[in-house]
Every structure is written in C-alpha cells, then in structure tokens.
Amino acid sequence: MTACKPVRALRSRLLAAALAGAAMLGLAGCTGSEPAAKFHALDISGVDYAKGFSMPDAHGQQRSLADFAGKVVFVYFGFAQCPDICPTTMLEMAEVKKLLGEDGDKLQIVFVTVDPERDTPEVMRAYMESFDPQAVALVGNAEQIAAMARDFKVFYEKKPGSTPDTYTIDHSASGYMYDPQGRLRLYVRYGTPVDQIAADVRQLLQGR
C-alpha cells in the first residue's frame with residue numbers, strides 16, 4: 001500500500017501542472033491578442049514615405065487618399081501604351097475585385113500615369129474604362145508626377161523609339177496597397193497570383 005503513495009503524489013503533481021497550463025492558455029486566449037497577420041505581399045507597415053497623394057484625375061477633379069477612406073486602395077504607376085505589364089496588372093486587379101464578391105467595391109484601383117505627353121485625360125478615361133469603370137486615373141503634369149514618384153520611391157525613365165512618338169517608358173512594375181484607415185501596408189510585386197492578392201485585401205478589410 002505504501003508503494004502507491006509516491007505514484008499518487010506524482011499523479012497529483014502532474015494533474016496540477018496540467019491544470020495550471022490550461023489556465024495559462026485560457027488566460028492568453030482571453031487577452032484578445034491575435035497572431036500577426038501574414039500577407040502574401042511584402043508587409044511594409046510603418047514605412048515613412050508615401051503617406052498620401054494629391055493630383056488631378058482624368059476628369060479634372062483633385063483627388064487624394066482621403067477620398068477613398070474605408071476602402072483598400074491599390075496605387076500603381078504605369079502608362080497607357082505599355083505593351084504588357086500595365087494591362088496585365090489592371091486585368092489582374094479587375095479579377096481580384098471579382099474574387100472579392102460583395103466586397104469588390106471596397107477595393108479602389110488608382111493608376112498614376114508616368115506618360116503625361118501621351119496620356120491625356122481622354123486617353124486615360126477610355127483606358128481605365130476598359131478594365132474597371134470605378135478605377136481612378138491620376139493625370140498630373142511632369143513635375144507633379146515626378147514628385148509623387150519620388151515620394152513612392154518609384155522609378156521610371158523614358159526610352160527613345162524609332163520616332164519621337166514611339167518612345168517607351170521603363171518603370172517599376174509593383175504596386176502599393178493602403179488599408180481602409182489610409183495607412184500604407186503592402187508592396188505588391190508584379191506577378192503575385194490574384195487569389196493571393198484577394199486574400200491580402202480581405203485581411204486588410206478585416207482590420208488585420
């Protein structure tokens with residue numbers, strides 16, 4: 001009989017330890033803390049640049065980030081005569097909106113032209129209409145575009161063509177994403193699958 005007492009004592013200590021551990025887990029669950037969000041795009045939360053913008057759109061209205069409060073905002077720099085990267089990105093972002101279903105209207109696409117010579121307001125209205133009627137094109141002058149590009153750390157450079165009108169423009173191919181509170185959160189690399197972008201947008205809409 002006495003040989004069983006150490007066993008019973010050990011069981012009691014193990015049971016007490018298990019209950020204490022469960023209590024600690026329960027306490028941790030009650031603190032309201034959640035695991036940090038894991039995004040597919042590059043998380044750049046807290047960076048000290050690109051805190052906003054102000055530029056005329058293709059309808060002549062001055063637009064700023066505050067105009068889209070409550071939405072996830074995707075900002076992209078490109079030009080209408082871009083042969084592949086720009087139209088591919090716009091098509092993919094239109095697909096992202098479809099994947100979001102009823103939340104599609106909570107994603108705002110903002111396209112900033114880096115080709116003010118050819119991308120007139122008329123050109124940009126037609127260009128954006130072909131992808132997403134709710135998308136906004138920003139059409140500034142050369143100085144405004146250069147200033148915004150510097151603020152976003154975006155590269156672009158005019159490359160001569162065979163004639164003065166057939167030049168092209170090398171430019172950064174990734175986009176930037178703001179959360180509904182107007183905070184810059186994500187750097188979306190070109191080629192990120194649309195389902196992954198949609199998943200990131202959902203997280204931002206959920207306040208992650």
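Author: Let us start with burial: a residue is buried under 20% relative accessible area, exposed over 50% and partly exposed in between, with a 1.4 Å probe and protein chains only. By this rule, Phe 74 and Tyr 76 are both buried. This is a predicted model, in which local features need pLDDT of at least 70 and side-chain atom pairs count only at pLDDT 80 or more, while totals for chains, interfaces and linings use all residues. Residues are numbered from 1 along each chain as its sequence is written, and side-chain values use heavy atoms, leaving out hydrogens and water.

Reader: How many aromatic pairs does a search of the whole structure find?

Author: Rings of Phe, Tyr and Trp (its six-membered ring) pair if their centres lie within 6.5 Å; planes under 30 degrees apart are stacked, over 60 edge-to-face, and the rest tilted. The search finds eight aromatic pairs. One of them is the stacked pair of Phe 74 and Tyr 76, with 6.3 Å from centre to centre and 15° between the planes. Ring pairs also join Phe 74 and Tyr 76 with Phe 111, Tyr 127 and Phe 131 in a cluster.

Reader: Which residues of helix α3 are buried?

Author: Helices (H or I, at least four residues) and strands (E, at least two) are DSSP runs, numbered from the N terminus. In α3, residues 121–129, the buried residues are Met 124, Tyr 127 and Met 128. They line one face of the helix, because their directions fall within an arc of 90° when seen down its axis; the arc is taken from the directions from the helix axis to the C-beta atoms. On the other side, Glu 122, Ala 126 and Glu 129 are exposed. Contact means heavy atoms within 4.5 Å, and the buried residues of α3 pack against α2 (85–99), β5 and β6 (136–138).

Reader: Where do the side chains of a regular strand point?

Author: In a regular strand they alternate between the two faces of the sheet. Strand β9, residues 175–178, is covered on both faces: Gly 175 and Met 177 are buried on one side, Tyr 176 and Tyr 178 on the other.

Reader: Which residue stands opposite Phe 74 in β9?

Author: Two strands pair if DSSP finds at least two bridges between them. Three bridges join β4 (residues 72–78) to β9 in an antiparallel arrangement, and Met 177 is the residue opposite Phe 74. Four bridges join β9 to the antiparallel strand β10 (residues 184–188), where Leu 186 stands opposite Met 177.
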